[in-house]
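Me: I have a new structure open and could use a quick tour. Can we go through it in short steps?

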Amino acid sequence: MAEREAPIGFNHLRVFRDSTFEFEYKSFPNSKLHTGKIRIKNDTIIFKYDDSIPAFGDKAIIDGKKLIYTNGNYNEILEIWLDSISD
């Protein structure tokens, strides 16, 4: 799980063991739930969205306790607060 709080909302990412994910964006008055599947390669996560790709992109790198989206219109940065992905 990773998230970023904003003044009037938050962004929250949940990744599940079956390689699915939910990215919840909440900001007054808007909210959106993106779903799909991920693929992890080394320190990079590639997101395959069920719907359209959001403005922050579909690729992120894991940098310590941060998840940094790298190929969108802006670099969304989420704080990783729960990491229990294991084989």
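Me: Which residue is the bridge partner of Ile68 in β8?

Reply: Ile77 is the partner of Ile68. One thing to keep in mind is that this is a predicted model.

Me: Which strands does that pair belong to, and in what sense do they pair?

Reply: The strands are β7, residues 66-69, and β8, residues 77-80. They pair in the antiparallel sense, over 3 bridges.

Me: What holds paired strands together in a sheet?

Reply: Backbone hydrogen bonds do the pairing, and it can be parallel or antiparallel.

Me: What do the strands build here, and how many are there?

Reply: They build a closed barrel of 8 strands. The order is β1-β2-β3-β4-β5-β6-β7-β8, with antiparallel pairing. On average, neighbouring strands of this sheet are turned by 30 degrees against each other, ignoring direction.

Me: New topic, charges. How many salt bridges does the structure hold?

Reply: There are 6 salt bridges in the structure. One of them is between the side chains of Arg14 and Glu22, at 2.9 Å from N to O.

Me: Are those two buried, partly exposed or exposed?

Reply: Arg14 has a relative accessible area of 17%. The cut-off for buried is under 20%, so Arg14 counts as buried. Glu22 has 25%, so Glu22 is partly exposed.

Me: Which residue forms a salt bridge with Arg14 at 3.6 Å?

Reply: That is Glu24, with 3.6 Å between the closest N and O atoms. Glu24 lies in strand β3, residues 20-27, and Arg14 lies in strand β2, residues 9-15. The pair therefore ties together parts that are 10 residues apart in sequence.

Me: And Glu24, buried or exposed?

Reply: Glu24 is buried, because its relative accessible area is 18%.

Me: What else forms a salt bridge with Glu24?

Reply: Lys26 does, with the closest N and O atoms 3.6 Å apart. Lys26 is partly exposed, at 36% relative accessible area. Shared partners join Arg14, Glu22, Glu24 and Lys26 into one salt-bridge network.

Me: Switching to the surface. Which residues make the nonpolar patch?

Reply: Met1, Trp81 and Leu82 make a nonpolar surface patch of about 290 Å².

Me: Where does Met1 lie?

Reply: Met1 is in the segment before β1, and β1 covers residues 2-6.

Me: Why does Met1 count as partly exposed?

Reply: Because its relative accessibility is 34%. Partly exposed falls between the cut-offs, which are under 20% for buried and over 50% for exposed.

Key:
Residues are numbered from 1 along each chain as its sequence is written. This is a predicted model: local features need pLDDT of at least 70, side-chain atom pairs count only at pLDDT 80 or more; totals for chains, interfaces and linings use all residues. Side-chain values use heavy atoms; hydrogens and water are left out. Patches are made of residues with over 30% relative accessible area and no salt bridge: like charges are joined within 9 Å, nonpolar side chains (Val, Leu, Ile, Met, Phe, Trp, Tyr) within 5 Å. Accessible areas come from the Shrake-Rupley method with a 1.4 Å probe; for residues, only the protein chains shown count as cover. A salt bridge is a side-chain nitrogen of Lys or Arg within 4 Å of a carboxyl oxygen of Asp or Glu. Helices (H or I, at least four residues) and strands (E, at least two) are DSSP runs, numbered from the N terminus. Buried means under 20% relative accessible area, exposed over 50%, partly exposed in between (1.4 Å probe, protein chains only). Two strands pair if DSSP finds at least two bridges between them. Axes are lines fitted to C-alpha atoms, for helices over the stretch in contact, and angles run from 0 to 180 degrees between N-to-C directions.
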